Structure formats: structure tokens, C-alpha cells
Amino acid sequence: MLTTNFLDFDFDNPFMNASGVHCMTTSELDELAVSNAGAYIMKSATPEKRDGNPAPRYFDVPLGSINSMGLPNLGFKYYLEYALQQQERTERPLFFSVAGMSVAENIAMLKEIEASDFKGVTELNLSCPNVPGKPQVAYDFELTDKTLSRIFEFFTKPLGVKLPPYFDMAHFDQMAAILNKYPLTYVNSINSIGNGLYIDPTSDQVVIKPKDGFGGIGGEYVKPTALANVRAFYTRLKPEIKIIGTGGIITGQDAYEHLLCGATMLQVGTQLQKEGPMIFDRLQEELTAIMKAKGYKTIADFRGQLKTIA
Ligand SMILES: O=C1NC(=O)NC(C(=O)O)N1
């Protein structure tokens, strides 16, 4: 019912974690490996281990979450080792995520992945909004273009890009024109909406320490923006570039809407953080019920079939 073909591989279901959530350590990753997620992805790696920003740096709020983690991670080698051993142990597809602080760092990590026995998919995170002083790469169209052209001079394994939300039709057009130049496997929209601000109603105080409380927003707040970005890229990108939909997936209905916009795989961040890996069971039950009620047997029956008003 929910099997999804992506990269010539049949995933049991389209659900996976969003990078950054429940995927920093091997024990968290092992929990995802035995959950009912269709696939799973590791925390974005930088060449060396990073402590990230000072805590408090993540906060759940009624309508979502705010975070300014600052790319804390255990370093590229840690994740490469885990990925190499996992692909011998389990069929469950494991995605690598890299987030270099520069083009050179991204090139270096991707060269190591290319040279390694890693057989899975790599996600290039061009959209972390939380490293002080580092603008989100994918808001710089020239830098994004240059980065991708340098990567595809040598990288032959499956590569996707994690994008920030865009809010302007001209930006959708410009970004799609750049992305269509490259043999990308997928585009993942969206990362958190950068640099939001949440105020604790009882203390007149922000709730996270870094950047005076400014952080990436996730959860229910971001679904309309996430759906728009999924739809905008689905309608602009060449069909061989698939879309992973991320942002505001809390129920099966939210998942259904991302699929209706054209998503192939679905990533869950904030709600996974709140609910834990059992969420994948609930989302599959809810999505299956919706499909049954509408008479759909497979996701392909309705993927991308969003109706507009004539
Ligand atoms: O790409 C990212 N998006 C986020 O919202 N937070 C993390 C982080 O801060 O590490 N990275």
C-alpha cells in the first residue's frame, strides 16, 4: 500500500526522520534502524566533531519547535564508519548528510564518500540557518551553482540537496533552473524556517540561548511553506529529480498533502522529536486509512495530483 520506489529501490513506506532529529549517535540511529521508518538519515556531518551552540538550543513549543543547534555532530569519520557497518547489517536504506562550513569542506567530505564503499544516498545540507556568521548557502544562488558544478566533476553516487524555504516565485524559478543543470537524485524541501523568534509568555524571555533567541522554526507553523516549496519544485524540476517533502508532518493528512504536492519520500523532524520513533507506525496507519477512504491502492495513484481552481 505504502511501498515507494525511489532510486530503483522499493521502500516499505515513504517515511523517514529529518536529518538532525534522533540521529546524532549510533544508539539513536540504531533505534531508527529497528523502527518502522522506511529509511533513515544521519545528522549532518562536518569534517571534525563539533560541539555546536550553547544550550538551551532546542525548545518544543505548542505549534512546533525552535532550534539553534549549530551543527553539533560527532564528525564525518564517525558517521562514515557507522554507515559502512550498517549497510552490511541491514537492508534499511541509510542516508548520509554532510554540511561543510565551506565549499572546500563539502568537496573533501564528498570525495571521501565517493572513494568509500558507501552504497547509499548522500544529502548535501545547504540550508543550516544556525551557524553564527554563516549564511545559508542555498540563499546564495551563485555559490550553490558553483558548489554543485564542482561536486559533479567527480561525484557519481546518488546525491540530494536539503534546501531552505523560498518565499518568492522568482527564487523558485532561479533555483530550479540551477538544480535542473545537475544529475541530482532529489531535492529535500524544506529545512527549518530560519531565524524565527519564540518568546516565553511568562518570563518575557526568549527560550534558546544562541543568537539572542533567534532559531530555525519547525512543526505545524511551517506546513504551508513546506507544501508550497514541494509543489514549486515538483512543477519546475525535471522528472528524474525527485522531491523529499519535509516540514509540518504531524498526521497522516499532512503526509497525504505533501504527496499530493508531488513528494516521493517524507521526512519528519519536530513531531518525531516530540513523539519518538513510534510516530512512524501512527503516520502509516493514518495515511493508509486516508488512501482507503479515497479508494487509492498505491501512492502513485495520487502523487502530484493536487487540484487547482480552473
Ligand atoms: O540544517 C539544520 N537545520 C536546523 O534547523 N538546525 C540544524 C542545526 O542547527 O544544526 N541544522
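A polar contact here is a pair of N or O atoms within 3.5 Å. I kept that cut-off in mind while going through this predicted model.

**Entry 1: the ligand site**

I began with leucine 71. A polar backbone atom of leucine 71 lies 2.7 Å from an oxygen atom of the ligand.

Next I checked side chains. Lysine 43 places a polar side-chain atom 2.9 Å from an oxygen atom of the ligand. Asparagine 191 has a side-chain N or O atom 2.8 Å from a nitrogen atom of the ligand. I then looked up the ligand's surface: alone it exposes 290 Å², and the protein buries 90% of that.

Which residues surround the ligand? I listed Lys43, Asn67, Met69, Gly70, Leu71, Pro72, Asn125, Cys128, Pro129, Asn130, Asn191 and Ser192.

I looked for cis peptide bonds. One joins alanine 55 and proline 56, with omega about -5°. Proline 56 sits in the loop between strand S4 (40-41) and strand S5 (58-61).

Another cis bond runs from serine 189 to isoleucine 190, with omega near 5°. I found isoleucine 190 in the loop between strand S10 (186-189) and strand S11 (193-197). Asn191, from the ligand list above, comes up again here as a neighbour in numbering.

Then I checked phi. Lysine 211 is not a glycine, yet its phi is positive, about 50°. I located lysine 211 in the loop between strand S13 (205-206) and strand S14 (214-218).

**Entry 2: helices H7 and H9**

How do H7 and H9 cross, left-handed or right-handed? I noted a right-handed crossing. The axes of H7 (residues 252-260) and H9 (residues 279-294) come within 8 Å and cross at roughly 65°.

I wrote down both sides of the contact. H7 contributes Gly252, Gln253, Tyr256 and Leu259. H9 meets them with Leu283, Glu286, Leu287, Ile290 and Lys294. By class, I logged 5 nonpolar, 2 polar and 2 charged residues.

Technical notes: Residues numbered from 1 in each chain as written. Predicted model: local features only at pLDDT ≥ 70, side-chain atom pairs only at ≥ 80, totals over all residues. Heavy atoms only, no water. Axes fitted to C-alpha atoms, helices over the stretch in contact; angles between N-to-C directions. Helix = DSSP H or I, 4+ residues; strand = E, 2+ residues; numbered from the N terminus. Left-handed = near helix turned anticlockwise from the far one by under 90°. Contact = heavy atoms within 4.5 Å. Nonpolar A, V, L, I, M, F, W, Y, C, P; charged D, E, K, R; others polar. Near = heavy atom within 4 Å. Polar contact = N/O pair within 3.5 Å; in protein donor to acceptor, adjacent residues only side chain to side chain. Areas by Shrake-Rupley, 256 points an atom, 1.4 Å probe, with all protein chains shown as cover.
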